[in-house]
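Biologist: I've got a model open and I'd like to learn how to read it, one feature at a time. Can you walk me through it?

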Amino acid sequence: QIPEDPAQRRVRELATLSKQLQHVHPNVLAKVLKQGTVYQNEEIVVINKPYGLPVHGGPGIKNCITDVLPVLAKMLENMKAKPLHLCHRLDKETTGVMVLARSKEVADRIRLLFKTRQVEKIYWAISLGDPDPAEGIVEIPIMEKEVRSHQSHYKMTLAPNYRLSPEDGKVVKIRKNRNAESAVTRYRRLASSSACSLLELQPITGVKHQLRVHLAYGLGCPVLGDHKYSHWSKLAPQKLPEITLRRLKLEQSKARHLPLHLHAYRLSLPLGQQIDLVCKPPLFFQKTLKKLDLDVAND
(Lines give C-alpha, C1' and ligand atoms only; values in the text may rest on other atoms or scores of the structure.)
Protein backbone atom coordinates (compact mmCIF):
# COMPACT_ATOMS: atom_id res chain seq x y z
CA GLN A 1 0.00 0.00 0.00
CA ILE A 2 1.13 3.57 -0.68
CA PRO A 3 1.55 5.68 2.47
CA GLU A 4 -0.80 8.70 2.64
CA ASP A 5 1.81 11.00 4.01
CA PRO A 6 4.17 12.65 1.47
CA ALA A 7 7.18 12.40 3.80
CA GLN A 8 6.68 8.70 4.35
CA ARG A 9 6.10 8.27 0.65
CA ARG A 10 9.42 9.95 -0.10
CA VAL A 11 11.26 7.85 2.46
CA ARG A 12 9.74 4.73 0.91
CA GLU A 13 10.63 5.93 -2.60
CA LEU A 14 14.29 6.33 -1.61
CA ALA A 15 14.48 2.83 -0.20
CA THR A 16 12.85 1.54 -3.40
CA LEU A 17 15.20 3.58 -5.58
CA SER A 18 18.24 2.15 -3.88
CA LYS A 19 16.81 -1.37 -4.51
CA GLN A 20 16.02 -0.50 -8.13
CA LEU A 21 19.59 0.65 -8.72
CA GLN A 22 20.53 -2.96 -8.09
CA HIS A 23 18.30 -4.23 -10.88
CA VAL A 24 18.73 -1.73 -13.70
CA HIS A 25 20.85 -2.53 -16.72
CA PRO A 26 24.49 -1.35 -16.34
CA ASN A 27 23.95 1.00 -19.31
CA VAL A 28 21.06 2.70 -17.51
CA LEU A 29 23.19 3.08 -14.42
CA ALA A 30 26.07 4.54 -16.44
CA LYS A 31 23.60 7.02 -17.92
CA VAL A 32 22.49 8.09 -14.43
CA LEU A 33 26.14 8.64 -13.48
CA LYS A 34 26.78 10.54 -16.71
CA GLN A 35 23.89 12.89 -15.90
CA GLY A 36 25.48 13.39 -12.49
CA THR A 37 28.81 14.52 -13.95
CA VAL A 38 29.90 17.80 -12.38
CA TYR A 39 33.34 18.30 -13.92
CA GLN A 40 35.70 16.75 -16.44
CA ASN A 41 39.03 17.50 -18.05
CA GLU A 42 41.63 15.36 -19.82
CA GLU A 43 42.69 13.73 -16.54
CA ILE A 44 39.59 13.30 -14.40
CA VAL A 45 35.82 12.90 -14.43
CA VAL A 46 33.89 13.95 -11.32
CA ILE A 47 30.44 12.58 -10.56
CA ASN A 48 27.82 13.31 -7.92
CA LYS A 49 27.40 9.83 -6.42
CA PRO A 50 23.75 8.85 -5.96
CA TYR A 51 22.31 7.50 -2.70
CA GLY A 52 22.26 3.75 -2.09
CA LEU A 53 24.76 2.81 -4.78
CA PRO A 54 27.76 0.75 -3.62
CA VAL A 55 31.20 1.63 -4.99
CA HIS A 56 32.45 -1.98 -4.94
CA GLY A 57 30.75 -5.30 -5.58
CA GLY A 58 30.15 -7.93 -2.91
CA PRO A 59 27.66 -10.61 -1.83
CA GLY A 60 24.15 -9.71 -3.00
CA ILE A 61 25.36 -6.70 -4.99
CA LYS A 62 24.51 -6.82 -8.69
CA ASN A 63 25.36 -3.25 -9.59
CA CYS A 64 28.16 -1.05 -8.33
CA ILE A 65 30.10 1.94 -9.62
CA THR A 66 33.25 -0.08 -10.38
CA ASP A 67 31.38 -2.37 -12.78
CA VAL A 68 29.98 0.41 -14.95
CA LEU A 69 33.18 2.48 -15.28
CA PRO A 70 34.00 1.05 -18.75
CA VAL A 71 30.47 1.87 -20.01
CA LEU A 72 30.56 5.35 -18.46
CA ALA A 73 33.93 6.10 -20.09
CA LYS A 74 32.53 5.20 -23.53
CA MET A 75 29.43 7.32 -23.00
CA LEU A 76 31.54 10.34 -22.08
CA GLU A 77 34.08 9.84 -24.85
CA ASN A 78 32.04 8.80 -27.89
CA MET A 79 32.70 5.08 -27.72
CA LYS A 80 36.51 4.99 -27.88
CA ALA A 81 37.69 5.28 -24.31
CA LYS A 82 39.69 3.32 -21.80
CA PRO A 83 37.78 2.46 -18.59
CA LEU A 84 37.85 5.04 -15.82
CA HIS A 85 39.67 4.35 -12.55
CA LEU A 86 38.46 4.77 -8.97
CA CYS A 87 40.57 7.17 -6.89
CA HIS A 88 38.80 6.90 -3.51
CA ARG A 89 35.61 5.49 -2.04
CA LEU A 90 32.37 6.60 -0.43
CA ASP A 91 29.99 4.45 1.62
CA LYS A 92 26.97 3.06 -0.20
CA GLU A 93 24.62 5.51 1.56
CA THR A 94 26.87 8.55 1.23
CA THR A 95 26.19 10.93 -1.67
CA GLY A 96 28.33 13.56 -3.32
CA VAL A 97 31.68 14.35 -4.93
CA MET A 98 33.48 11.36 -6.36
CA VAL A 99 36.63 11.58 -8.49
CA LEU A 100 37.37 9.12 -11.30
CA ALA A 101 40.63 9.16 -13.26
CA ARG A 102 40.98 8.65 -17.01
CA SER A 103 44.25 6.73 -16.64
CA LYS A 104 45.97 4.49 -14.12
CA GLU A 105 48.82 7.00 -13.70
CA VAL A 106 46.45 9.83 -12.77
CA ALA A 107 44.53 7.49 -10.44
CA ASP A 108 47.77 6.56 -8.65
CA ARG A 109 48.69 10.23 -8.32
CA ILE A 110 45.31 11.12 -6.83
CA ARG A 111 45.33 8.12 -4.48
CA LEU A 112 48.69 9.32 -3.20
CA LEU A 113 47.25 12.81 -2.62
CA PHE A 114 44.46 11.22 -0.55
CA LYS A 115 46.91 9.05 1.33
CA THR A 116 49.23 11.94 2.16
CA ARG A 117 46.23 14.08 3.22
CA GLN A 118 46.65 16.73 0.57
CA VAL A 119 43.01 16.55 -0.51
CA GLU A 120 40.69 18.80 1.47
CA LYS A 121 37.32 17.11 1.98
CA ILE A 122 34.22 18.85 3.29
CA TYR A 123 31.07 16.90 4.15
CA TRP A 124 27.65 18.05 5.23
CA ALA A 125 25.70 16.00 7.75
CA ILE A 126 22.38 16.48 9.47
CA SER A 127 22.84 15.23 13.01
CA LEU A 128 20.48 14.48 15.86
CA GLY A 129 21.16 16.86 18.70
CA ASP A 130 23.51 19.77 18.97
CA PRO A 131 27.27 19.28 19.38
CA ASP A 132 28.80 20.99 22.39
CA PRO A 133 30.95 23.00 21.72
CA ALA A 134 29.48 24.19 18.41
CA GLU A 135 32.81 23.71 16.66
CA GLY A 136 35.95 21.79 17.39
CA ILE A 137 38.09 18.79 16.62
CA VAL A 138 37.40 15.18 17.58
CA GLU A 139 40.64 13.23 17.84
CA ILE A 140 39.87 9.74 19.07
CA PRO A 141 41.33 6.56 17.52
CA ILE A 142 38.87 4.11 15.93
CA MET A 143 38.90 0.33 15.62
CA GLU A 144 36.56 -2.47 14.56
CA LYS A 145 34.98 -4.52 17.32
CA GLU A 146 32.53 -7.38 17.58
CA VAL A 147 29.28 -6.45 19.27
CA ARG A 148 28.05 -9.46 21.22
CA SER A 149 24.29 -9.28 21.42
CA HIS A 150 21.46 -11.54 20.29
CA GLN A 151 22.60 -10.71 16.73
CA SER A 152 26.37 -10.59 16.87
CA HIS A 153 27.82 -8.08 14.39
CA TYR A 154 30.87 -5.90 13.80
CA LYS A 155 31.05 -2.15 14.18
CA MET A 156 33.68 0.52 14.16
CA THR A 157 34.05 2.12 17.58
CA LEU A 158 36.19 4.52 19.58
CA ALA A 159 39.44 3.31 21.12
CA PRO A 160 40.41 6.31 23.28
CA ASN A 161 43.96 6.83 24.51
CA TYR A 162 42.74 8.16 27.86
CA ARG A 163 40.12 7.28 30.42
CA LEU A 164 38.93 8.52 33.79
CA SER A 165 40.20 6.55 36.76
CA PRO A 166 37.24 5.17 38.77
CA GLU A 167 39.06 5.84 42.08
CA ASP A 168 39.72 9.56 41.87
CA GLY A 169 38.28 10.67 38.50
CA LYS A 170 41.73 11.64 37.20
CA VAL A 171 42.64 11.28 33.53
CA VAL A 172 44.79 8.21 32.93
CA LYS A 173 46.61 7.37 29.69
CA ILE A 174 45.90 3.81 28.61
CA ARG A 175 47.95 1.49 26.45
CA LYS A 176 47.28 2.11 22.78
CA ASN A 177 45.30 -0.64 21.11
CA ARG A 178 47.35 -2.26 18.33
CA ASN A 179 44.39 -2.37 15.95
CA ALA A 180 43.24 1.19 16.48
CA GLU A 181 43.81 3.76 13.74
CA SER A 182 44.25 7.40 14.62
CA ALA A 183 41.25 9.44 13.48
CA VAL A 184 40.78 13.21 13.40
CA THR A 185 37.62 15.12 12.41
CA ARG A 186 37.04 18.87 12.41
CA TYR A 187 33.42 19.90 12.75
CA ARG A 188 31.44 23.14 12.76
CA ARG A 189 27.75 23.73 13.30
CA LEU A 190 26.16 25.68 10.46
CA ALA A 191 22.58 25.72 11.79
CA SER A 192 20.41 24.08 14.42
CA SER A 193 16.67 23.63 14.83
CA SER A 194 14.04 20.95 15.59
CA ALA A 195 16.49 19.01 17.85
CA CYS A 196 18.85 18.59 14.86
CA SER A 197 21.90 20.36 13.46
CA LEU A 198 23.48 20.87 10.08
CA LEU A 199 27.20 20.24 10.47
CA GLU A 200 30.15 20.90 8.24
CA LEU A 201 32.70 18.11 8.69
CA GLN A 202 36.29 17.89 7.59
CA PRO A 203 37.89 14.47 7.99
CA ILE A 204 41.64 14.99 8.38
CA THR A 205 42.20 11.21 8.35
CA GLY A 206 40.27 8.61 6.35
CA VAL A 207 39.25 5.75 8.62
CA LYS A 208 36.24 3.58 7.68
CA HIS A 209 32.97 5.15 8.97
CA GLN A 210 35.05 7.81 10.77
CA LEU A 211 32.55 10.66 10.51
CA ARG A 212 29.64 8.49 11.60
CA VAL A 213 31.53 7.07 14.61
CA HIS A 214 32.98 10.41 15.75
CA LEU A 215 29.57 12.07 15.56
CA ALA A 216 27.65 9.26 17.24
CA TYR A 217 30.09 8.12 19.94
CA GLY A 218 32.43 11.11 20.21
CA LEU A 219 29.91 13.97 20.17
CA GLY A 220 26.72 12.05 21.00
CA CYS A 221 25.11 13.46 17.83
CA PRO A 222 24.58 10.59 15.36
CA VAL A 223 23.91 11.35 11.69
CA LEU A 224 20.19 11.49 10.95
CA GLY A 225 19.20 8.12 9.45
CA ASP A 226 22.31 6.33 10.74
CA HIS A 227 20.64 3.24 12.16
CA LYS A 228 23.94 1.39 12.55
CA TYR A 229 25.68 3.84 14.88
CA SER A 230 22.74 5.19 16.84
CA HIS A 231 22.97 2.35 19.36
CA TRP A 232 25.96 0.35 20.40
CA SER A 233 24.65 -3.02 21.46
CA LYS A 234 21.70 -3.57 19.14
CA LEU A 235 20.71 -3.28 15.51
CA ALA A 236 17.60 -1.12 15.71
CA PRO A 237 16.16 1.90 13.92
CA GLN A 238 17.26 5.30 15.19
CA LYS A 239 15.06 6.79 17.92
CA LEU A 240 13.98 10.29 16.89
CA PRO A 241 12.88 13.16 19.16
CA GLU A 242 9.18 14.07 19.09
CA ILE A 243 9.78 17.47 17.45
CA THR A 244 11.93 15.93 14.69
CA LEU A 245 9.26 13.32 13.89
CA ARG A 246 6.62 16.06 13.84
CA ARG A 247 8.61 18.27 11.47
CA LEU A 248 9.43 15.33 9.18
CA LYS A 249 5.78 14.18 9.39
CA LEU A 250 7.09 10.73 10.20
CA GLU A 251 6.02 8.08 12.72
CA GLN A 252 8.73 6.46 14.83
CA SER A 253 7.68 3.05 13.48
CA LYS A 254 8.70 4.26 9.99
CA ALA A 255 12.01 5.79 11.09
CA ARG A 256 13.93 2.78 9.82
CA HIS A 257 13.28 3.94 6.23
CA LEU A 258 14.96 7.28 6.88
CA PRO A 259 18.08 7.60 4.68
CA LEU A 260 21.53 8.51 5.96
CA HIS A 261 22.00 12.29 5.71
CA LEU A 262 25.72 12.43 4.96
CA HIS A 263 26.95 14.18 1.82
CA ALA A 264 30.43 14.73 0.37
CA TYR A 265 29.92 18.42 -0.36
CA ARG A 266 33.30 19.67 -1.50
CA LEU A 267 36.68 18.36 -2.56
CA SER A 268 39.83 20.37 -3.23
CA LEU A 269 42.34 18.58 -5.44
CA PRO A 270 45.86 19.94 -5.93
CA LEU A 271 46.35 18.64 -9.50
CA GLY A 272 48.76 21.10 -11.10
CA GLN A 273 46.40 23.85 -10.07
CA GLN A 274 43.84 23.65 -7.23
CA ILE A 275 40.58 22.14 -8.53
CA ASP A 276 37.56 22.95 -6.35
CA LEU A 277 34.69 20.52 -6.79
CA VAL A 278 31.29 21.11 -5.23
CA CYS A 279 28.13 18.94 -5.34
CA LYS A 280 24.76 20.13 -4.14
CA PRO A 281 23.14 17.75 -1.63
CA PRO A 282 20.52 15.40 -3.13
CA LEU A 283 16.88 16.41 -3.18
CA PHE A 284 15.90 14.34 -0.11
CA PHE A 285 18.66 16.08 1.90
CA GLN A 286 17.52 19.54 0.76
CA LYS A 287 13.91 18.73 1.61
CA THR A 288 14.91 17.55 5.10
CA LEU A 289 16.83 20.81 5.65
CA LYS A 290 13.71 22.73 4.73
CA LYS A 291 11.37 20.71 6.92
CA LEU A 292 13.66 20.91 9.94
CA ASP A 293 14.10 24.61 9.35
CA LEU A 294 17.88 24.24 9.13
CA ASP A 295 18.57 27.39 7.19
CA VAL A 296 22.26 27.81 6.50
CA ALA A 297 22.03 31.43 5.45
CA ASN A 298 20.17 32.67 8.53
CA ASP A 299 22.26 31.07 11.22
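Predicted model: local features only at pLDDT ≥ 70, side-chain atom pairs only at ≥ 80, totals over all residues.

Biologist: How should I read a positive phi?

Modeller: Here's the general idea: most residues other than glycine have a negative phi, and most peptide bonds are trans. Now take Ser194, another non-glycine residue with a positive phi, near 55 degrees. Ser194 sits in the loop between β11 (184-193) and β12 (196-203). Its relative accessible area is 6%, so Ser194 is buried.

Biologist: And where does a glycine take a positive phi?

Modeller: Look just after α5, where Gly220 has a phi of about 70 degrees.

Biologist: You also brought up peptide bonds. Which one is cis?

Modeller: The bond from Asp132 to Pro133 is cis, its omega being near 0 degrees. Pro133 belongs to the loop between β5 and β6 (135-139).

Biologist: Back to α5 for a moment. How many of its residues are buried?

Modeller: Seven of the nine residues of α5 (residues 210-218) are buried, so the rest of the structure largely encloses this helix. The buried ones are Gln210, Leu211, Arg212, Val213, His214, Leu215 and Ala216.

Biologist: Now helix packing. How do I describe a pair of helices?

Modeller: Two packed helices are described by the angle between their axes and the distance between the axes. As for handedness, α2 passes α3 in a right-handed crossing.

Biologist: Which residues make the contact?

Modeller: From α2 you have Pro26, Asn27, Leu29, Ala30, Lys31, Leu33 and Lys34, and from α3 Ile65, Val68, Val71, Leu72, Met75 and Leu76. By class, that contact has 10 nonpolar residues, one polar and two charged.

Biologist: What about Leu69, what is it in contact with?

Modeller: Leu69 is in helix α3, and its relative accessibility is 3%, so it counts as buried. Leaving aside neighbours within four places in sequence, Leu69 is in contact with Pro83, Leu84, His85, Leu86 and Leu100. For a sense of spacing, Leu69 and Leu33 are 36 residues apart in sequence and 9.5 Å apart in space, C-alpha to C-alpha.

Biologist: Last topic: aromatic pairs. How many are there?

Modeller: Rings of Phe, Tyr and Trp pair if their centres lie within 6.5 Å, and by that rule the count is three. One of them is Tyr51 with Phe284: the centres are 5.3 Å apart and the planes at 75 degrees, so this pair is edge-to-face. Tyr51 is in the loop between β2 (44-49) and α3, and Phe284 in helix α7 (residues 283-291), so the pair ties together parts 233 residues apart in sequence. Tyr51 and Phe284 are both buried.

Biologist: And what does a stacked pair look like?

Modeller: See Trp124 and Tyr265, at 4.3 Å centre to centre with 10 degrees between the planes. This pair also links distant parts of the chain, 141 residues apart: Trp124 is in strand β5 (residues 120-128) and Tyr265 in strand β13 (residues 262-271). At a relative accessible area of 10%, Trp124 is buried, whereas Tyr265, at 23%, is partly exposed.

Notes:
Residues numbered from 1 in each chain as written. Heavy atoms only, no water. Left-handed = near helix turned anticlockwise from the far one by under 90°. Helix = DSSP H or I, 4+ residues; strand = E, 2+ residues; numbered from the N terminus. Contact = heavy atoms within 4.5 Å. Nonpolar A, V, L, I, M, F, W, Y, C, P; charged D, E, K, R; others polar. Phe/Tyr/Trp six-rings, centres within 6.5 Å; stacked < 30°, edge-to-face > 60°. Buried < 20%, exposed > 50% of the residue type's maximum accessible area, 1.4 Å probe, protein only.
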